Amino acid sequence: RILTENTLAYVDVLSNGRCLFMNGRMLAALKYDRQRIFEHDFYELVHGDDRDNFREAIAGVVQKGGSEKSIESRILAADSEIFWVELRANRIVYNDSVSVLIHGIDVTASREEQLIREKLELQLEQAKRLEAIGTLAGGVAHDFNNMLGGIIGAAEMLALNRSLDTK
């Protein structure tokens with residue numbers, strides 16, 4: 001217990017969707033009272049869009065036994081805050097029952113940085129497209145101006161010839 005309470009990671013033990021153990025760091029991050037955590041389905045704490053994948057990953061760990069599974073998911077805190085966690089899950093026996101030991105870290109900052117990076121990359125792609133359109137439009141305008149210059153020059157010469165013929 002000393003090890004799990006003093007680690008920088010989140011530590012949980014789940015069995016059949018119920019939390020059997022949760023370290024203080026995870027409890028503090030979730031901001032729920034201890035009773036709420038241990039009396040309700042743990043999967044309710046997982047964001048709805050991630051819940052099915054999370055449940056399948058945990059079930060896979062229980063069925064395969066011993067194999068570690070990496071899971072990245074959003075977790076819902078009591079104050080409606082959503083944070084991203086990267087978790088590792090392993091099958092263990094806890095209090096004589098097959099359970100899953102989960103340990104993980106908060107990756108919210110890196111996920112937010114990734115989303116900002118992706119947004120900036122999309123903006124850069126858009127700017128490159130607009131630049132290409134501008135270059136194309138400039139080229140078309142230049143070519144059109146060259147053709148127009150020839151037409152106007154020919155028209156001016158015809159007008160000059162006509163005025164000389166009338167004199």
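Trainee: Why is alanine 78 called partly exposed?

Mentor: In this predicted model, alanine 78 has a relative accessible area of 36%. Buried means under 20% and exposed means over 50%, with partly exposed in between (1.4 Å probe, protein chains only); alanine 78 is therefore partly exposed. Residues are numbered from 1 along each chain as its sequence is written. Local features need pLDDT of at least 70 and side-chain atom pairs count only at pLDDT 80 or more, while totals for chains, interfaces and linings use all residues; side-chain values use heavy atoms, leaving out hydrogens and water.

Trainee: Where is alanine 78 found?

Mentor: Alanine 78 lies in the loop between strand E3 (69-76) and strand E4 (82-94). Helices (H or I, at least four residues) and strands (E, at least two) are DSSP runs, numbered from the N terminus.

Trainee: Which residues does alanine 78 touch, not counting residues up to four places away in sequence?

Mentor: They are Leu30, Lys31 and Tyr32, where contact means heavy atoms within 4.5 Å. Alanine 78 and tyrosine 32 are 46 residues apart in sequence, yet their C-alpha atoms are 5.5 Å apart in space.

Trainee: What makes E4 and strand E5 a pair?

Mentor: Two strands pair if DSSP finds at least two bridges between them. Ten bridges join E4 to strand E5 (residues 97-106), and the two run antiparallel; by that definition they therefore pair.

Trainee: What is the order of the strands in the open sheet?

Mentor: The order of the five strands is E2-E1-E5-E4-E3, with antiparallel pairing. Strand E2 (18-22) and E3 are the edge strands, as each pairs on one side only.
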